[in-house]
Amino acid sequence: MSRRLLRAGGALTTGALAAVTARAAYAALNQRPPGGREAWARTNHRGEPVTLLEGPAAAAAAAVATLIAPRLPARSRAALALAGAGAAAFGALDDLKGSGDRRGFRGHLGALAHGEVTSGAVKIAGIGATGLTAGMLIGGSSADGSAAGTAVDIVINTGLIAGGANLLNLFDLRPGRAIKVALAAGTALGAGSVPGCLAAAAPVGAALAVLPEDLGERAMLGDSGANALGGMLGAAAATALPRTARVTVLAAIVGLTAASEVVSFTRVIERTPPLRWLDMLGRRPAGAAGQGAASAASAPGEAARQPAASAPGEAAGEPAASAPGETAGQPAASAPGEAAGEPAASAPGEAAGQPAASAPGDLSDVADGVSGADTAPDAGRPGRSDGTSAPAPTSAATNPQ
(Lines give C-alpha, C1' and ligand atoms only; values in the text may rest on other atoms or scores of the structure.)
Protein backbone atom coordinates (compact mmCIF):
# COMPACT_ATOMS: atom_id res chain seq x y z
CA MET A 1 0.00 0.00 0.00
CA SER A 2 2.80 2.41 0.90
CA ARG A 3 4.59 1.64 -2.39
CA ARG A 4 1.39 2.37 -4.30
CA LEU A 5 1.01 5.69 -2.49
CA LEU A 6 4.61 6.58 -3.25
CA ARG A 7 4.08 5.92 -6.94
CA ALA A 8 0.88 7.95 -6.94
CA GLY A 9 2.79 10.77 -5.29
CA GLY A 10 5.44 10.45 -7.98
CA ALA A 11 2.78 10.79 -10.67
CA LEU A 12 1.33 13.90 -9.03
CA THR A 13 4.80 15.42 -8.75
CA THR A 14 5.53 14.72 -12.41
CA GLY A 15 2.19 16.15 -13.54
CA ALA A 16 2.61 19.29 -11.47
CA LEU A 17 6.15 19.80 -12.76
CA ALA A 18 4.95 19.41 -16.35
CA ALA A 19 2.15 21.93 -15.76
CA VAL A 20 4.41 24.57 -14.21
CA THR A 21 7.02 24.08 -16.93
CA ALA A 22 4.39 24.35 -19.67
CA ARG A 23 3.12 27.68 -18.34
CA ALA A 24 6.66 29.03 -18.02
CA ALA A 25 7.61 27.83 -21.50
CA TYR A 26 4.48 29.33 -23.04
CA ALA A 27 5.18 32.70 -21.43
CA ALA A 28 8.81 32.61 -22.60
CA LEU A 29 7.89 31.64 -26.17
CA ASN A 30 5.33 34.43 -26.34
CA GLN A 31 7.99 36.91 -25.26
CA ARG A 32 10.45 35.75 -27.91
CA PRO A 33 8.78 33.53 -30.54
CA PRO A 34 11.36 31.55 -32.56
CA GLY A 35 11.33 32.92 -36.09
CA GLY A 36 9.06 35.79 -35.12
CA ARG A 37 5.44 36.00 -34.00
CA GLU A 38 4.05 35.89 -37.52
CA ALA A 39 5.52 32.45 -38.19
CA TRP A 40 3.31 30.97 -35.46
CA ALA A 41 0.18 33.04 -36.14
CA ARG A 42 -2.86 31.36 -37.65
CA THR A 43 -6.57 32.03 -38.17
CA ASN A 44 -8.91 29.65 -36.37
CA HIS A 45 -12.30 28.23 -37.39
CA ARG A 46 -14.02 31.52 -36.48
CA GLY A 47 -11.62 33.56 -38.56
CA GLU A 48 -9.92 34.90 -35.43
CA PRO A 49 -6.17 35.05 -34.76
CA VAL A 50 -4.50 32.41 -32.58
CA THR A 51 -0.92 31.33 -31.95
CA LEU A 52 0.56 27.84 -32.28
CA LEU A 53 3.14 28.49 -29.53
CA GLU A 54 1.01 26.52 -27.07
CA GLY A 55 2.08 23.32 -28.83
CA PRO A 56 5.87 23.57 -28.46
CA ALA A 57 5.43 24.75 -24.86
CA ALA A 58 3.31 21.73 -23.89
CA ALA A 59 5.54 19.30 -25.80
CA ALA A 60 8.79 20.57 -24.28
CA ALA A 61 7.32 20.59 -20.77
CA ALA A 62 5.98 17.05 -21.05
CA ALA A 63 9.29 15.71 -22.40
CA VAL A 64 11.42 17.45 -19.77
CA ALA A 65 9.15 16.42 -16.88
CA THR A 66 9.21 12.82 -18.08
CA LEU A 67 13.03 12.72 -18.15
CA ILE A 68 13.20 13.53 -14.45
CA ALA A 69 10.03 11.73 -13.37
CA PRO A 70 10.52 9.76 -10.14
CA ARG A 71 9.70 6.03 -9.90
CA LEU A 72 9.60 5.54 -13.68
CA PRO A 73 12.14 3.10 -15.20
CA ALA A 74 14.97 4.78 -17.09
CA ARG A 75 14.14 3.12 -20.43
CA SER A 76 10.51 4.15 -20.11
CA ARG A 77 11.52 7.74 -19.37
CA ALA A 78 13.78 7.80 -22.42
CA ALA A 79 11.12 6.26 -24.67
CA LEU A 80 8.41 8.69 -23.56
CA ALA A 81 10.67 11.73 -23.95
CA LEU A 82 11.87 10.58 -27.38
CA ALA A 83 8.31 9.94 -28.57
CA GLY A 84 7.27 13.43 -27.48
CA ALA A 85 10.34 15.31 -28.70
CA GLY A 86 10.41 13.56 -32.07
CA ALA A 87 6.72 14.09 -32.75
CA ALA A 88 6.98 17.72 -31.66
CA ALA A 89 9.95 18.41 -33.94
CA PHE A 90 8.39 16.90 -37.05
CA GLY A 91 5.03 18.41 -36.20
CA ALA A 92 6.64 21.85 -35.91
CA LEU A 93 8.22 21.35 -39.32
CA ASP A 94 4.79 20.75 -40.81
CA ASP A 95 3.34 23.70 -38.85
CA LEU A 96 5.93 26.09 -40.24
CA LYS A 97 6.62 24.68 -43.71
CA GLY A 98 3.40 22.89 -44.66
CA SER A 99 1.25 24.47 -47.35
CA GLY A 100 -1.85 22.31 -46.98
CA ASP A 101 -1.95 21.60 -50.72
CA ARG A 102 -1.59 17.87 -50.05
CA ARG A 103 -3.73 16.14 -47.44
CA GLY A 104 -4.04 12.67 -46.01
CA PHE A 105 -1.75 9.71 -46.41
CA ARG A 106 -2.93 9.37 -49.98
CA GLY A 107 -2.14 12.99 -50.75
CA HIS A 108 1.37 12.94 -49.29
CA LEU A 109 2.30 9.51 -50.59
CA GLY A 110 0.79 10.35 -53.99
CA ALA A 111 2.95 13.46 -54.16
CA LEU A 112 5.98 11.38 -53.18
CA ALA A 113 5.24 8.97 -56.02
CA HIS A 114 5.50 11.92 -58.42
CA GLY A 115 8.81 13.05 -56.95
CA GLU A 116 7.42 15.74 -54.61
CA VAL A 117 8.51 15.51 -50.99
CA THR A 118 5.96 17.33 -48.84
CA SER A 119 6.45 18.40 -45.25
CA GLY A 120 3.63 16.01 -44.36
CA ALA A 121 5.52 13.08 -45.90
CA VAL A 122 8.64 14.04 -43.94
CA LYS A 123 6.52 14.18 -40.79
CA ILE A 124 4.99 10.76 -41.41
CA ALA A 125 8.44 9.22 -41.90
CA GLY A 126 9.97 11.10 -38.99
CA ILE A 127 7.28 10.24 -36.46
CA GLY A 128 7.37 6.64 -37.68
CA ALA A 129 11.13 6.48 -37.13
CA THR A 130 11.04 8.04 -33.67
CA GLY A 131 8.08 5.80 -32.80
CA LEU A 132 10.09 2.74 -33.83
CA THR A 133 13.09 3.82 -31.76
CA ALA A 134 10.92 4.55 -28.73
CA GLY A 135 9.12 1.23 -29.21
CA MET A 136 12.44 -0.59 -29.19
CA LEU A 137 13.43 1.18 -25.98
CA ILE A 138 10.22 0.01 -24.34
CA GLY A 139 10.92 -3.50 -25.60
CA GLY A 140 8.75 -6.60 -25.44
CA SER A 141 6.74 -8.39 -22.80
CA SER A 142 6.49 -11.88 -24.27
CA ALA A 143 6.35 -14.60 -21.62
CA ASP A 144 9.16 -16.66 -23.17
CA GLY A 145 11.31 -13.69 -24.12
CA SER A 146 11.63 -14.99 -27.67
CA ALA A 147 12.94 -12.77 -30.45
CA ALA A 148 9.71 -13.21 -32.42
CA GLY A 149 7.60 -12.21 -29.45
CA THR A 150 9.76 -9.17 -28.80
CA ALA A 151 9.54 -8.14 -32.46
CA VAL A 152 5.75 -8.34 -32.33
CA ASP A 153 5.70 -6.17 -29.23
CA ILE A 154 7.96 -3.59 -30.88
CA VAL A 155 5.64 -3.40 -33.90
CA ILE A 156 2.66 -2.90 -31.59
CA ASN A 157 4.52 -0.25 -29.59
CA THR A 158 5.51 1.61 -32.76
CA GLY A 159 1.92 1.60 -33.96
CA LEU A 160 0.66 2.95 -30.65
CA ILE A 161 3.18 5.80 -30.62
CA ALA A 162 2.93 6.86 -34.27
CA GLY A 163 -0.80 6.16 -34.46
CA GLY A 164 -1.49 8.03 -31.23
CA ALA A 165 0.45 11.05 -32.49
CA ASN A 166 -1.59 11.15 -35.68
CA LEU A 167 -4.97 10.43 -34.11
CA LEU A 168 -4.82 13.15 -31.48
CA ASN A 169 -3.94 15.65 -34.19
CA LEU A 170 -7.13 14.71 -36.04
CA PHE A 171 -9.09 16.09 -33.08
CA ASP A 172 -7.28 19.44 -32.99
CA LEU A 173 -10.02 21.15 -34.99
CA ARG A 174 -11.96 23.02 -32.33
CA PRO A 175 -10.91 24.74 -29.09
CA GLY A 176 -10.02 22.29 -26.34
CA ARG A 177 -11.10 19.18 -28.27
CA ALA A 178 -7.70 17.51 -28.66
CA ILE A 179 -6.77 18.32 -25.05
CA LYS A 180 -10.03 16.83 -23.77
CA VAL A 181 -9.31 13.65 -25.72
CA ALA A 182 -5.77 13.58 -24.30
CA LEU A 183 -7.08 14.04 -20.76
CA ALA A 184 -9.62 11.25 -21.23
CA ALA A 185 -6.94 8.88 -22.57
CA GLY A 186 -4.52 9.79 -19.78
CA THR A 187 -7.18 9.33 -17.13
CA ALA A 188 -8.05 5.89 -18.51
CA LEU A 189 -4.39 4.86 -18.45
CA GLY A 190 -3.93 6.21 -14.93
CA ALA A 191 -7.02 4.46 -13.62
CA GLY A 192 -5.92 1.16 -15.11
CA SER A 193 -2.59 0.79 -13.32
CA VAL A 194 0.07 2.64 -11.34
CA PRO A 195 2.62 2.32 -14.19
CA GLY A 196 0.05 3.86 -16.51
CA CYS A 197 -0.49 6.71 -14.07
CA LEU A 198 3.25 7.39 -13.89
CA ALA A 199 3.72 7.25 -17.65
CA ALA A 200 0.75 9.47 -18.50
CA ALA A 201 1.36 12.07 -15.79
CA ALA A 202 3.62 14.42 -17.78
CA PRO A 203 1.51 14.75 -20.95
CA VAL A 204 -1.66 15.10 -18.86
CA GLY A 205 -0.11 17.79 -16.66
CA ALA A 206 1.17 19.76 -19.66
CA ALA A 207 -2.18 19.47 -21.42
CA LEU A 208 -4.06 20.74 -18.37
CA ALA A 209 -1.73 23.73 -18.11
CA VAL A 210 -2.47 25.00 -21.61
CA LEU A 211 -6.17 24.11 -21.63
CA PRO A 212 -7.30 27.66 -20.63
CA GLU A 213 -5.42 29.14 -23.60
CA ASP A 214 -6.98 26.61 -25.94
CA LEU A 215 -10.54 27.03 -24.66
CA GLY A 216 -10.09 30.81 -24.65
CA GLU A 217 -9.20 30.62 -28.36
CA ARG A 218 -5.96 32.49 -27.81
CA ALA A 219 -3.80 29.54 -28.84
CA MET A 220 -3.96 25.99 -30.20
CA LEU A 221 -1.77 22.89 -30.06
CA GLY A 222 -1.07 22.68 -33.78
CA ASP A 223 0.77 19.68 -35.20
CA SER A 224 3.69 20.16 -32.82
CA GLY A 225 1.64 19.93 -29.63
CA ALA A 226 -1.01 17.45 -30.71
CA ASN A 227 1.50 15.03 -32.28
CA ALA A 228 3.72 15.22 -29.20
CA LEU A 229 0.98 14.65 -26.61
CA GLY A 230 -0.58 11.87 -28.71
CA GLY A 231 2.78 10.16 -29.22
CA MET A 232 3.59 10.30 -25.51
CA LEU A 233 0.21 8.86 -24.55
CA GLY A 234 0.77 6.09 -27.10
CA ALA A 235 4.17 5.42 -25.51
CA ALA A 236 2.53 5.42 -22.07
CA ALA A 237 0.08 2.76 -23.26
CA ALA A 238 2.97 0.73 -24.69
CA THR A 239 4.79 0.99 -21.35
CA ALA A 240 1.90 0.16 -19.04
CA LEU A 241 -0.46 -2.23 -20.83
CA PRO A 242 -0.19 -5.98 -21.44
CA ARG A 243 -0.07 -7.18 -25.03
CA THR A 244 -3.77 -7.97 -25.36
CA ALA A 245 -4.78 -4.52 -24.15
CA ARG A 246 -2.20 -2.88 -26.42
CA VAL A 247 -3.55 -4.73 -29.44
CA THR A 248 -7.07 -3.58 -28.55
CA VAL A 249 -5.99 0.04 -28.23
CA LEU A 250 -4.02 -0.14 -31.48
CA ALA A 251 -7.03 -1.58 -33.28
CA ALA A 252 -9.15 1.33 -32.03
CA ILE A 253 -6.52 3.84 -33.24
CA VAL A 254 -6.33 2.23 -36.67
CA GLY A 255 -10.12 2.07 -36.94
CA LEU A 256 -10.63 5.72 -36.00
CA THR A 257 -7.85 6.84 -38.33
CA ALA A 258 -9.36 4.91 -41.22
CA ALA A 259 -12.81 6.28 -40.42
CA SER A 260 -11.45 9.84 -40.46
CA GLU A 261 -10.73 9.48 -44.17
CA VAL A 262 -14.44 9.16 -44.95
CA VAL A 263 -16.28 10.51 -41.90
CA SER A 264 -16.07 13.99 -40.39
CA PHE A 265 -15.42 13.75 -36.66
CA THR A 266 -16.77 17.28 -36.27
CA ARG A 267 -20.09 16.42 -37.88
CA VAL A 268 -20.44 13.24 -35.82
CA ILE A 269 -19.78 15.21 -32.63
CA GLU A 270 -22.21 17.97 -33.55
CA ARG A 271 -24.98 15.46 -34.30
CA THR A 272 -24.48 13.47 -31.07
CA PRO A 273 -25.84 15.46 -28.08
CA PRO A 274 -23.59 13.98 -25.34
CA LEU A 275 -20.48 14.41 -27.48
CA ARG A 276 -21.53 17.90 -28.49
CA TRP A 277 -22.04 18.83 -24.83
CA LEU A 278 -18.57 17.59 -23.92
CA ASP A 279 -17.07 19.30 -26.95
CA MET A 280 -18.65 22.66 -26.02
CA LEU A 281 -17.80 22.38 -22.32
CA GLY A 282 -15.74 25.44 -21.40
CA ARG A 283 -15.87 26.90 -24.91
CA ARG A 284 -17.31 30.19 -26.09
CA PRO A 285 -20.78 29.77 -27.59
CA ALA A 286 -21.04 29.86 -31.35
CA GLY A 287 -21.21 33.44 -32.54
CA ALA A 288 -19.60 34.94 -29.42
CA ALA A 289 -16.85 37.39 -30.27
CA GLY A 290 -13.43 36.81 -28.78
CA GLN A 291 -10.75 39.22 -27.63
CA GLY A 292 -9.80 41.53 -30.45
CA ALA A 293 -12.46 40.11 -32.73
CA ALA A 294 -15.64 41.85 -31.57
CA SER A 295 -15.40 44.48 -34.27
CA ALA A 296 -13.62 42.47 -36.93
CA ALA A 297 -15.42 41.69 -40.14
CA SER A 298 -16.01 38.07 -40.96
CA ALA A 299 -13.15 36.47 -42.88
CA PRO A 300 -13.85 35.06 -46.34
CA GLY A 301 -15.23 31.57 -46.04
CA GLU A 302 -16.15 32.00 -42.37
CA ALA A 303 -19.05 29.92 -41.14
CA ALA A 304 -22.49 31.31 -41.76
CA ARG A 305 -23.24 31.19 -38.04
CA GLN A 306 -21.00 34.21 -37.54
CA PRO A 307 -22.85 37.55 -37.84
CA ALA A 308 -21.76 39.76 -40.68
CA ALA A 309 -20.11 43.05 -39.78
CA SER A 310 -22.52 45.96 -39.46
CA ALA A 311 -22.58 48.54 -42.18
CA PRO A 312 -20.84 51.87 -41.43
CA GLY A 313 -22.93 53.92 -39.02
CA GLU A 314 -25.15 50.98 -38.19
CA ALA A 315 -25.52 50.00 -34.55
CA ALA A 316 -24.35 46.51 -33.74
CA GLY A 317 -27.28 44.12 -33.50
CA GLU A 318 -29.62 46.52 -35.32
CA PRO A 319 -31.18 45.59 -38.66
CA ALA A 320 -29.65 47.11 -41.77
CA ALA A 321 -31.26 50.27 -43.06
CA SER A 322 -34.10 49.64 -45.48
CA ALA A 323 -33.55 50.27 -49.16
CA PRO A 324 -35.33 53.33 -50.61
CA GLY A 325 -39.01 52.62 -50.94
CA GLU A 326 -38.86 49.59 -48.72
CA THR A 327 -40.87 49.42 -45.52
CA ALA A 328 -38.69 49.30 -42.44
CA GLY A 329 -38.71 45.91 -40.76
CA GLN A 330 -39.89 44.16 -43.93
CA PRO A 331 -37.68 41.60 -45.62
CA ALA A 332 -35.81 42.65 -48.73
CA ALA A 333 -37.59 42.07 -51.98
CA SER A 334 -37.13 38.61 -53.36
CA ALA A 335 -35.10 38.05 -56.50
CA PRO A 336 -37.13 37.65 -59.69
CA GLY A 337 -38.87 34.32 -59.69
CA GLU A 338 -38.23 33.73 -56.01
CA ALA A 339 -41.11 33.41 -53.56
CA ALA A 340 -41.11 35.98 -50.77
CA GLY A 341 -39.88 34.58 -47.50
CA GLU A 342 -38.26 31.61 -49.20
CA PRO A 343 -34.54 30.97 -48.76
CA ALA A 344 -32.22 31.77 -51.61
CA ALA A 345 -31.93 29.03 -54.15
CA SER A 346 -29.24 26.52 -53.34
CA ALA A 347 -26.21 26.17 -55.55
CA PRO A 348 -26.41 23.34 -58.07
CA GLY A 349 -26.17 20.01 -56.29
CA GLU A 350 -26.64 21.58 -52.88
CA ALA A 351 -29.52 20.58 -50.63
CA ALA A 352 -31.76 23.43 -49.47
CA GLY A 353 -31.02 24.54 -45.94
CA GLN A 354 -27.56 23.03 -46.01
CA PRO A 355 -24.49 25.21 -45.64
CA ALA A 356 -22.74 26.17 -48.81
CA ALA A 357 -20.05 23.80 -49.96
CA SER A 358 -16.58 24.82 -48.93
CA ALA A 359 -14.64 26.77 -51.46
CA PRO A 360 -11.57 25.10 -52.97
CA GLY A 361 -8.77 25.26 -50.45
CA ASP A 362 -11.15 25.56 -47.48
CA LEU A 363 -9.26 23.53 -44.91
CA SER A 364 -10.64 24.74 -41.61
CA ASP A 365 -11.91 21.35 -40.53
CA VAL A 366 -9.17 19.06 -41.75
CA ALA A 367 -6.41 17.90 -39.46
CA ASP A 368 -2.74 18.21 -40.28
CA GLY A 369 -2.63 16.53 -43.65
CA VAL A 370 -3.30 12.98 -42.46
CA SER A 371 -7.06 12.94 -42.86
CA GLY A 372 -9.33 14.28 -45.52
CA ALA A 373 -12.91 13.80 -44.32
CA ASP A 374 -13.36 16.73 -41.92
CA THR A 375 -14.40 19.46 -44.32
CA ALA A 376 -16.97 21.62 -42.54
CA PRO A 377 -18.04 25.04 -43.81
CA ASP A 378 -16.13 26.93 -41.09
CA ALA A 379 -13.03 28.30 -42.72
CA GLY A 380 -10.16 30.63 -42.48
CA ARG A 381 -8.00 31.47 -45.42
CA PRO A 382 -6.74 28.54 -47.50
CA GLY A 383 -3.26 27.16 -47.16
CA ARG A 384 -3.35 25.12 -43.96
CA SER A 385 -4.83 21.77 -43.10
CA ASP A 386 -4.83 21.66 -39.31
CA GLY A 387 -8.00 23.57 -38.55
CA THR A 388 -6.26 26.87 -39.17
CA SER A 389 -5.17 28.94 -42.11
CA ALA A 390 -1.84 30.49 -42.80
CA PRO A 391 -1.78 34.24 -42.27
CA ALA A 392 -1.90 36.53 -45.24
CA PRO A 393 1.04 38.99 -45.42
CA THR A 394 -1.05 41.81 -44.00
CA SER A 395 -3.43 39.71 -41.92
CA ALA A 396 -4.41 40.58 -38.37
CA ALA A 397 -3.38 37.04 -37.52
CA THR A 398 0.17 38.28 -37.17
CA ASN A 399 -0.89 39.35 -33.69
CA PRO A 400 -2.32 36.28 -31.95
CA GLN A 401 -3.52 38.30 -28.99
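**Exercise 1.** Determine where Gly35 lies in the chain and whether Gly35 is buried or exposed.

*Solution.* In this predicted model, local features need pLDDT of at least 70, side-chain atom pairs count only at pLDDT 80 or more, and totals for chains, interfaces and linings use all residues. Residues are numbered from 1 along each chain as its sequence is written, and side-chain values use heavy atoms, with hydrogens and water left out. Gly35 sits in the loop between helix 1 (2-31) and strand 1 (41-43), where helices (H or I, at least four residues) and strands (E, at least two) are DSSP runs numbered from the N terminus. Its relative accessible area is 76%, so Gly35 is exposed, given that buried means under 20%, exposed over 50% and partly exposed in between, with a 1.4 Å probe and protein chains only. Leu96 is 61 residues from Gly35 in sequence, with 9.6 Å between their C-alpha atoms.

**Exercise 2.** Work out how helix 3 and helix 5 are oriented to each other.

*Solution.* Two packed helices are described by the angle between their axes and the distance between the axes. Helix 3 (residues 74-97) and helix 5 (residues 119-138) pack at about 180°, with axes 8 Å apart; the axes are lines fitted to C-alpha atoms over the stretch in contact, and angles run from 0 to 180 degrees between N-to-C directions. The two helices are therefore roughly antiparallel, a term for angles over 145 degrees.

**Exercise 3.** State what percentage of the chain is buried.

*Solution.* Of the 401 residues in the chain, 46% are buried.

Definitions and conventions. Angles under 35 degrees count as roughly parallel, over 145 as roughly antiparallel, 65 to 115 as roughly perpendicular and the rest as oblique.
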